[in-house]
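Please open the model in your viewer and keep the selection panel at hand. The tour below goes from one selection to the next and says what is found at each stop.

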Amino acid sequence: MLHGLGGNILSLKYQIREYSKYYNTIAIELPGHGNSRQPAAPKEYVMEDIVAEIIAVMDECGVERAHFMAVSLSSIIAVGLAATYPGRVISMVQGSGILRFELGMRIFAYPVIWLCKFVSYYTVYKLFARVIIPGKKHAFARRVFVKGAAKMGGDEFCAWVRFMFGTSSLGDYTDKLNLLPTPIPQLYILGEEDFLFKRFTPRLVSRIKGAGTVFLENAGHICNIEQRREFNRISLEFFEKNSI
């Protein structure tokens, strides 16, 4: 399991609780998040380095192949990992999956990084959360989203924002997935009210072999929390269908 930007394993608690009934479950905190630590944040994270760390965890735990469940930012990482190490992936569920940021979102990244020079990153992060998860209806998911970022630090936050909006090679990774002799099964689960991504992600998913999309009603960007029972049911059925 891989969490989103600013999150930690607590943002995956509803999935950990349910998945653990059926699978040996590993939840990874990305560098700079939660209890993960490293000497200093790089200016920008590199896909190859992040993927290598995840593979190292799998090796340490003796896991040759696994189902992956990724949320938001980490769906980008899951695609990169599957394209680089396809033999390590059985199937993938991408919660609130991201395959491309439109121009408006890319432009938004620069003011976010600039603001961090003058106000605390946590204040900026809360503003960021308001943009991605707006409205009273999604307040609980937004609080979980924001609470997890308390330990991050400004340098880490900016490094991840640069990674998130600067991963221009994502199309190259999806092209590699399409060249595999046997497609890796992927399911993108999106909230019907995820206004930032529900328009473009399904269109891009349709171009990936072995990938499909499901929408959850009454859910925004953090659909694995807002509609956790339905998210768990659909994802577990997908894993079971694609188990070896």
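Leaving aside its neighbours within four places in sequence, which residues is His 138 in contact with? Select His 138 in this predicted model, and look for it in the loop between α5 (121–132) and α6 (139–147). Once those neighbours within four places are set aside, the residues in contact with His 138 are Ile 133, Glu 193, Ala 219, Gly 220 and Glu 226. His 138 has a relative accessible area of 7%, and because buried means under 20%, the residue counts as buried.

Next, select helix α3 (residues 73–84) together with helix α7 (residues 154–166), which pack with their axes 10 Å apart and at an angle of about 60°. That angle makes α3 oblique to α7, and the crossing in which α3 passes α7 is left-handed. To see the contact itself, show the side chains of Leu 73, Ile 76 and Ile 77 on α3, and those of Trp 160, Phe 163 and Met 164 on α7. The residues of this contact comprise six nonpolar, no polar and no charged.

Stay with Trp 160, which, apart from neighbours within four places in sequence, is in contact with Leu 5, Leu 30, Pro 31, His 33, Tyr 45, Ile 50, Leu 73, Ile 77 and Met 152. Trp 160 is also one of the residues that touch the most other members of the largest nonpolar core, which has 64 residues; the others are Leu 5, Phe 68, Ile 76, Phe 157 and Phe 163. Finally, select Tyr 19, Val 93, Leu 216 and Cys 223, which are among the 16 residues of another core lying apart from that one.

Conventions:
Residues are numbered from 1 along each chain as its sequence is written. This is a predicted model: local features need pLDDT of at least 70, side-chain atom pairs count only at pLDDT 80 or more; totals for chains, interfaces and linings use all residues. Side-chain values use heavy atoms; hydrogens and water are left out. Axes are lines fitted to C-alpha atoms, for helices over the stretch in contact, and angles run from 0 to 180 degrees between N-to-C directions. Helices (H or I, at least four residues) and strands (E, at least two) are DSSP runs, numbered from the N terminus. Angles under 35 degrees count as roughly parallel, over 145 as roughly antiparallel, 65 to 115 as roughly perpendicular and the rest as oblique. A crossing is left-handed if the near helix is turned anticlockwise from the far one by less than a right angle, and right-handed if clockwise. Contact means heavy atoms within 4.5 Å. Ala, Val, Leu, Ile, Met, Phe, Trp, Tyr, Cys and Pro count as nonpolar, Asp, Glu, Lys and Arg as charged, and the others, Gly among them, as polar. A nonpolar core is a set of buried Ala, Val, Leu, Ile, Met, Phe, Trp, Tyr and Cys residues joined through side-chain atoms within 4.5 Å. Buried means under 20% relative accessible area, exposed over 50%, partly exposed in between (1.4 Å probe, protein chains only).
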